[in-house]
Amino acid sequence: MPSDIEIAQAARLQPIIPLIETCLGIPAEAMEPYGHYKAKLSLSYIDTLKDRPDGKLVLVTAITPTPPGEGKTTTTVGLGDALNLIGKRAITCVREPSLGPCFGMKGGATGGGQSQVLPMEDINLHFTGDFHAIGLANNLLAAMIDNHIHHGNALQIDLHRISWRRVVDMNDRALRDIVVALGGKANGLPREDHFSIVVASEVMAILCLATSLADLKARLGRIIIGYSLSGAPITPRDLKCDGAMAALLKDAIKPNLVQTIAGSPVLIHGGPFANIAHGCNSVIATKAALKLGDYVVTEAGFGADLGAEKFIDIKCRQAGLNPAAAVIVATVRAIKFHGGVAMADMGRENLDAVKSGLSNLRRHIENIREVYGLPCVVSINHFTADTEAELDLIHAACAELGVPCVVSQHWALGPAGAEALARIVVELCEAAPASPSFVYDDALPLLDKIETVARRIYRASGVSADAKVRKQLKEWTEAGYGRLPVCIAKTQYSFSTDAALKGAPEGHVLPIREVRLSAGAGFVIAICGDIMTMPGLPLHPAAEHIDIDDDGNITGLS
């Protein structure tokens, strides 16, 4: 069986400008080509769309994933293709991949099999340079901080309260905690510093929540990089570098246009970490797509407890988006995983494990329908090892809950493999209008917002936070940040903060280790358990298998 990259390289790409002109009616002059198969969509053209009616927004989310992932992006791409197959004007909106996971364990993020976004190699590697621009803007600010301190520190920045981190788009655990400015007085004042991965940068979150270039610049200026010796917050505006940061992002803020193997249009833009940030593609891309298509299919990072909650409570709240329906991606292997089966034993039928692991799927269905207020369908991403008996158990469980369930084979069959899913999604969207609900109210105190998510979504008994965390949240509330939404950073592999707790645990405590204020992005982060913003590489990184031949053909990329 050919690999994902072999399937992608065998596909016939269409020149992007005429394809998008035909599919979406966008004039050529509104697109800036990056070679033959990639283009940027101009902000001035997007502004002309504002009076058009919105299409239907469909969220693709998932059950709690296994380490290899359950095919959420593949399903998103397959569903978009299938909606076009049945005669709907559909656009897919996804995030750009990070090089860290690409060379680490999970691989790329352009889908798989016959449901991929192309050109796969370009998108998974450097693409149009958006992540490089975001990293440079982030690190320009870091350089300006240390330069200001070196030249006298007129703002009296407290070296012990600098919270801004440098970033690199690579998994590199050696950079998590470092010391900078060694080597003498000419190199600055030595201090402890840290690196995060680019997708964890607040600049990334800002780019994906900004609604315009002016809004982007304003948000960059509001970032809090640390505090002065007197306790006053210090911002890029104080350092006079918000304009330069925005200048570096002048092209990165424009959404990217590409295509699927089937020739469907895709807007791919931004990629905030689904833990430390909200894990969704950009607001600009999503809103543009809603003006251009009848259906917009998008995804949120990780499972519905993390990704869908942040999609609703951060992205939709800030941008005024109203999703019409949700797709919950499930796999037999993930359900068996939550039933206690090791990944190495997934190929063997185990009905008892399926019965046990269905608790995880039921929990996500309950959250989406009863907490988020969205109609949903379960899409079983098909694997060849799945047995009819195992699939029957999942269908029966969904039937008991009154939730439609369909086996999708878009990986192997392309659009036709998700046609049944597409028809159910259309039925859900054309039924009574959905009334999506936020998990908590804006006016709720910050700690209460965190606890509400913990209780309602994770089924925790409560939260634990030491006096330092509580004091910090109180100070931010008094400073005017109390109405911001919260972004909970925790493991994606469990409803709890313990990745070993599978299924649907309840009664656990959510431990808040640290809180961070993303004043520019507009949310407060609660870091829970042992979650990190700079991942490390596994024992055998994917990079070991990636190569390029003498003709420039890349191999081993997944």
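This is a predicted model: local features need pLDDT of at least 70, side-chain atom pairs count only at pLDDT 80 or more; totals for chains, interfaces and linings use all residues.
Me: In the open sheet of three strands, which strands stand at the edges?
Reply: The open sheet has three strands with mixed pairing, in the order β7-β9-β8. One side of each edge strand is left without a neighbour in the sheet, because each has a single partner strand. The strands at the edges are therefore β7 (166-168) and β8 (177-180).

Me: By how many degrees are neighbouring strands of this sheet turned against each other on average, direction ignored?
Reply: The sheet in question is the open one with the order β7-β9-β8. Its neighbouring strands, with direction ignored, are turned against each other on average by 45°.

Me: Which residue in β9 stands opposite V168?
Reply: Strands β7 and β9 (residues 191-197) run parallel and are joined by three bridges. Helix α7 (residues 130-150) packs on the sheet and touches both β7 and β9, its direction making about 150° with that of β7. Within β9, the residue opposite V168 is I197.

Me: Is T533 buried or exposed?
Reply: T533 lies in the loop between β21 (523-528) and β22 (547-548). Residues under 20% relative accessible area count as buried. Because the relative accessibility of T533 is 9%, this residue counts as buried.

Me: With which residue does the side chain of T533 form a polar contact of 2.8 Å?
Reply: Beyond its neighbours within four places in sequence, T533 is in contact with R165, S196, I197, A200, F273, I276 and R516. The C-alpha atoms of T533 and R176 are separated by 8.3 Å, although these residues are 357 residues apart along the chain. The side-chain polar contact of 2.8 Å joins T533 to S196.

Me: What is the residue in the turn between β20 and β21 that has a positive phi?
Reply: Strands β20 and β21 run antiparallel and are joined by six bridges, with L517 opposite V524 in β21. The two strands form a hairpin with four residues between them. A positive phi of about 95° in the turn belongs to G522.

Me: Which residue in β20 is the bridge partner of V463?
Reply: Strand β18 (residues 462-465) pairs with strand β20 (residues 509-518) in the parallel sense, over four bridges. In β20, the bridge partner of V463 is L510.

Me: At what angle do helices α18 and α19 pack?
Reply: On the α18 (residues 446-456) side, L446, L447 and I450 meet R470, L473, W476, T477 and Y481 of α19. By class, this contact has six nonpolar, one polar and one charged residues. The axes of α18 and α19 (residues 467-481) are 9 Å apart, and the packing angle is about 115°.

Me: What is the relative accessible area of T75?
Reply: T75 is found in helix α4 (residues 72-85). Not counting residues up to four places away in sequence, T75 touches V60, V329, S379, N381, H410 and L421. T75 is buried, and its relative accessible area is 0%.

Me: Which residues touch the most other members of the largest nonpolar core?
Reply: The largest nonpolar core has 138 residues. One of those that touch the most other members is L361; leaving aside neighbours within four places in sequence, L361 is in contact with I63, I328, A330, I335, V378, I394 and C398. Apart from this core lies another, of 24 residues, including A82, Y295, V327 and L428. In the largest core, the residues asked for are L249, L361, V378, I394 and I512.

Terms used. Residues are numbered from 1 along each chain as its sequence is written. Side-chain values use heavy atoms; hydrogens and water are left out. Buried means under 20% relative accessible area, exposed over 50%, partly exposed in between (1.4 Å probe, protein chains only). Contact means heavy atoms within 4.5 Å. A polar contact is a pair of N or O atoms within 3.5 Å; within protein, one must be able to donate a hydrogen and the other to accept it, and residues adjacent in sequence count only if both atoms are side-chain atoms. Axes are lines fitted to C-alpha atoms, for helices over the stretch in contact, and angles run from 0 to 180 degrees between N-to-C directions. Ala, Val, Leu, Ile, Met, Phe, Trp, Tyr, Cys and Pro count as nonpolar, Asp, Glu, Lys and Arg as charged, and the others, Gly among them, as polar. A nonpolar core is a set of buried Ala, Val, Leu, Ile, Met, Phe, Trp, Tyr and Cys residues joined through side-chain atoms within 4.5 Å. Two strands pair if DSSP finds at least two bridges between them.
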